[in-house]
Amino acid sequence: WSSDVCSSDLTEKFERTYVTKTKTLNQARITSSSINYWKQTKREPILYDVSSKVKWVHGWGDSYGQILVATGRLDLTLDPLMYDWDSMPLKPLVVEAGGIFTDFNGNPSPFGRSAFSCNPELHKEVLKIIKSY
């Protein structure tokens, strides 16, 4: 690497990202992984329930959905099936942006085999829905 690439001026080109401040689920914009993952894990009712309570649903899952939350482009992402290599790099990005990253049991570990990320305003309500199934 040249000294130009590693210079301190490089950091001036980056912008800090933040999760949204949406306070209610009925105003939330969410994304989720493929319906096939929901079927595979037998968790489709969770997706249907949460989807019926939000403003907008789109289907980008795994890493991209988590990045959309960490950059404030979406309020919530739900992934019923995640692997360690997907979750591990995403959790710090979401947390550094002010969000909450947990598995479907509410554990903040990236090793839970499921994941959802959102802003702190929505986490408790979404977790309550997930745990009801």
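Mentor: L25 lies in the segment before β1, where strands (E, at least two residues) and helices (H or I, at least four residues) are DSSP runs, numbered from the N terminus. This is a predicted model, in which local features need pLDDT of at least 70 and side-chain atom pairs count only at pLDDT 80 or more, while totals for chains, interfaces and linings use all residues. Residues are numbered from 1 along each chain as its sequence is written, and side-chain values use heavy atoms, with hydrogens and water left out.

L25 counts as buried because its relative accessibility is 2%; buried means under 20% relative accessible area, exposed means over 50%, and partly exposed lies in between, with a 1.4 Å probe and protein chains only. If we leave aside its neighbours within four places in sequence, L25 is in contact with K53, V54, K55, L76, L122, E125, V126 and I129, contact meaning heavy atoms within 4.5 Å. L25 and D75 are 50 residues apart in sequence, yet their C-alpha atoms are 8.9 Å apart in space.

From here we can turn to the sheet. Its five strands form an open sheet with mixed pairing, in the order β2-β1-β3-β5-β4, and two strands are said to pair if DSSP finds at least two bridges between them. Because β2 (56-58) and β4 (100-102) stand at the edges with a single partner strand each, one side of each is left without a neighbour in the sheet. Neighbouring strands of this sheet are turned by 15° against each other on average, direction ignored; axes are lines fitted to C-alpha atoms, for helices over the stretch in contact, and angles run from 0 to 180 degrees between N-to-C directions.

Strand β1 (residues 29-32) pairs with strand β3 (residues 76-79) in the parallel sense, over three bridges, and T31 stands opposite T77 in β3. Helix α2 (residues 44-52) packs on the sheet, where α2 touches β1, β2 and β3, and its direction makes about 165° with that of β1. Helix α5 (residues 120-131) also packs on the sheet, touching β3, β4 and β5 (115-118), and the direction of α5 makes about 145° with that of β5.
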